[in-house]
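Subject: Model for you to look at

Hello,

Here is the structure I said I would pass on. My notes on it follow below.

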Amino acid sequence: MHTLVQDARASSQRRETIVSFRNLRKDYGANTVVPDFSLEIRRGELVCLLGPSGCGKTTTLRMLAGFISPTSGEILIEGQDVTRVPAYKRDVGIVFQNYALFPHMTVTKNVEYGLVNIGMKRSERVKRVGDMLRRVELQHLAERYPRELSGGQQQRVALARALALQPKVLLLDEPFSNLDAQLRVRLREDLHKLICSLEMTTLFVTHDQDEALTLADRIVVMNKGAVEQVGSPEEIYDAPATRFVAEFIGQCSLLEGQSLDGREFRTDDGLSLPACGQAGRITAVIRPENVKKADEMPGLPARRAVVEASDYHGALTRLHLRVGGSKLIMDTQFPVGQKPNPGEQIDIAIDPDGLRFVPPIQ
Ligand SMILES: Nc1ncnc2c1ncn2[C@@H]1O[C@H](COP(=O)(O)OP(=O)(O)OP(=O)(O)O)[C@@H](O)[C@H]1O
């Protein structure tokens, strides 16, 4: 499986660039919402803009769609500068957060709409719409109106409408935000399969890290308009470049300290860990799965930890621990009835292979 993912990624890396953002900037008056955004998206890639609310994701997506003009910089689609090209001439399909279906048109008419506009022959339209509805599994609802559909079905109509025009790029703005948690997961898988089968170059926006980690080939983590890190989901989770990325993706404990001689890292609270080779002040990132029960890691120094809180999550229990003055989060399992209570002590070990370092607080 891993090899397949790597192969797919390697082959996408060999493919040509479809979208280029070059030093894109957007100001609203004196307020700079996107200072300097550059990115290349290759054919068939599924790229996600991920970040907290207000970080500039939608603004960036809308600049590519042509709904917002950048203050400076360039956007290229298949090598053509489209920065000043109107939205309807960009060959970009978009699925909006609220789907924006035409309420007075049936599913068929909604999907057919763009095809009529470009003057496609009726026989071809019927074929294309049929194909699209089959792909999103909505043939049986073709004559319904949007108000007669569930949220998930409406989303699929919006997707079919965007894909019917066979755009060069598909843009998705928070595509799952109006759906309940279970449906989100199912539709996420369906969407992933569909986009992969069409080899559709896709840029999507979300503030949901799970969505980004499960769907994207590459994630662009944004913070206050700036790009913090670009990488595969594995890279972003396993090797965060900054404190912001480490905290935004998954859970972690961040320990400030000093790398002493390249071999020892000493936290400000006195905890000693293997160092990263770098000297000076630095921050250690420890994921909860890398804090283990001491007896699971014989040979590593055991540390006495006080349980401050424990949260039961079904498959695992999350413990909030204090080791000396340092706080750690640990994900583990206990036999039924043996979960430690707040105030109890347990012996833990920190897996040095999972230890990562990021620049310290400025
Ligand atoms: N037309 C506008 N005029 C002034 N400021 C704007 C305008 N549109 C967006 N902004 C500001 O730009 C910033 C980025 O907005 P944007 O919608 O791109 O964020 P986002 O990351 O997509 O957030 P969310 O996840 O909440 O949609 C925000 O601070 C927002 O208030």
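In which sense, left-handed or right-handed, does H3 cross H4? The crossing of H3 with H4 is right-handed, where right-handed means that the near helix is turned clockwise from the far one by less than a right angle, and left-handed that it is turned anticlockwise.

First, the basis of these notes. The model is predicted; local features need pLDDT of at least 70 and side-chain atom pairs count only at pLDDT 80 or more, while totals for chains, interfaces and linings use all residues. Residue numbers start from 1 along each chain as its sequence is written.

The chain as a whole

The chain has 9 helices and 20 strands; these are DSSP runs numbered from the N terminus, helices being H or I with at least four residues and strands E with at least two. The C-alpha trace spans about 75 × 50 × 40 Å along its principal axes. Of the 362 residues, 33% count as buried (20 or more other C-beta atoms within 10 Å of the residue's own; 12 or fewer is exposed, in between is partly exposed, and C-beta atoms are placed from the backbone). Among contacts with a separation of 6 or more, 64% are between residues 24 or more positions apart; a contact means C-beta atoms, placed from the backbone, within 7 Å.

The helices

Helix H3 (residues 107–117) packs on H4 at an angle of about 130 degrees, with the axes 10 Å apart. Axes are lines fitted to C-alpha atoms, for helices over the stretch in contact, and angles run from 0 to 180 degrees between N-to-C directions. H3 is therefore oblique to H4 (under 35 degrees is roughly parallel, over 145 roughly antiparallel, 65 to 115 roughly perpendicular, and the rest oblique). On the H3 side the contact includes Val111 and Leu115, and on the H4 side Arg128 and Met132 are among the residues. By class, this contact has 6 nonpolar, 1 polar and 3 charged residues; Ala, Val, Leu, Ile, Met, Phe, Trp, Tyr, Cys and Pro count as nonpolar, Asp, Glu, Lys and Arg as charged, and the others, Gly among them, as polar.

Helix H4 (residues 122–135) also packs with helix H5 (residues 151–164), at about 135 degrees and with axes 9 Å apart. That angle makes H4 oblique to H5, and their crossing is right-handed. H4 contributes Arg128, Val129, Met132 and Leu133, and H5 contributes Ala160, Leu163 and Ala164. These residues divide into 6 nonpolar, no polar and 1 charged.

The sheet

An open, mixed sheet of 6 strands runs in the order S6-S7-S8-S3-S9-S10; two strands pair if DSSP finds at least two bridges between them. S6 (92–95) and S10 are its edge strands, each pairing on one side only. From one strand to the next the twist averages 20 degrees. H5 packs on this sheet and touches S6 and S7, its direction making about 175 degrees with that of S6.

Strand S9 (residues 218–223) has 5 of its 6 residues buried, so the rest of the structure largely encloses it. S9 is joined to S3 (residues 46–50) by 4 bridges, in parallel, and to S10 (residues 226–231) by 5 bridges, antiparallel. Valine 221 of S9 is the bridge partner of leucine 50 and stands opposite glutamine 229 in S10. S9 and S10 form a hairpin with 2 residues between them, and lysine 224 in the turn has a positive phi of about 50 degrees.

Regards

Notes
Two residues are in contact if their C-beta atoms, placed from the backbone, lie within 7 Å.
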